[in-house]
Amino acid sequence: MRIVWQLLTVVLANLIGGQIVYSLDGSPWLQLVLGLLVSVLAVLAYGWVVRRTEHRPSTEVARKGAVPAIGRGTLIGLALFGAVITNIYFNAHYEINGLGSPTGAVGLVGLMAAAAVTEELMFRGVLFRVIEERTGTWISLTLTGVLFGAMHLLNANASLWGAVAIAIEAGGMLAAAYAATRSLWVPIGLHFGWNFAAGGIFSTEVSGNNTPQGLLDTVTSGPAWVTGGDFGPEGSVYSVLFGVLLTIAFMWLAHRRGNLVPLRRRAGKAAATTTLPR
């Protein structure tokens, strides 16, 4: 029953918090404040329900080391998306026409923070962690990645390829970041940094969500396999490539640290190999 209570808690935080923050479009400063508030409250709610249902400290959201870990994740996300935009610039068409909406970028900080926190609590904090206990790291990474990609089919400009790309590049990468660190702070920072770079800085579409304009006034055009088309750069082959490379790096680190959980075989299988006395 613990997964039910944990999922219920974070899903409610996602739905209620998301509705509040999205409804404030046009009030960027209020969106910033309430987005950050939703993020903090969601983490507190997650920590509370984990302690109540698992009778252990919620170490994956421990306050010690949270700020530098979020900072590291954010820098990785910003750099990774910057690499994607650089490749789009050289292989298709990405043009900066000047400033877009600095206040819009402010609001996107709150919006992207709330989305990153609630989605990481749901997919990596609850689903990946609990499934991993029963199936091992690799199977859990695959299953939760597929679920994460499928969730994006609900977005306004969704596409099947976009959902597949998200499953590979983000679902795998963020789960691997958690496996490597055994903390939710790095994947939260990585998720936020990637999304904010996409929408808040470079003013591109984020996961086909009709994202408001961010800091820069930009135009993107060219082959969909390079730009991601209406889904945004997350549907670009470069996003998939860089996401896979970072997933491999995180999984190597998880292996080196002894953080990979092996496939759990049924006890009955081992018992079946024993011979009965004659």
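Which helix gives the most to the lining of the second largest pocket?

1. Basis. The model is predicted, with local features needing pLDDT of at least 70 and side-chain atom pairs counting only at pLDDT 80 or more, while totals for chains, interfaces and linings use all residues. Residues are numbered from 1 along each chain as its sequence is written, and side-chain values use heavy atoms, without hydrogens and water.

2. Second largest pocket. α2 gives the most to this lining, with 7 residues. Helices here are DSSP runs of H or I with at least four residues, numbered from the N terminus. α2, α3 (66–91), α4 and α7 each supply at least two residues. The lining has 21 residues, and S39, V40, V43, I70 and W185 lie nearest the centre.

3. Terms for pockets. On a 1 Å grid over the protein atoms alone, a pocket is an open set of points where a 1.4 Å probe fits, with protein on both sides within 12 Å along at least five of seven lines; lining residues have an atom within 4 Å of a point.

4. Largest pocket. Its lining counts 46 residues, with Y22, A115, E119, N155 and N209 nearest the centre. α4 (102–135) is one of the helices that supply at least two residues, and α4 gives the most, with 11.
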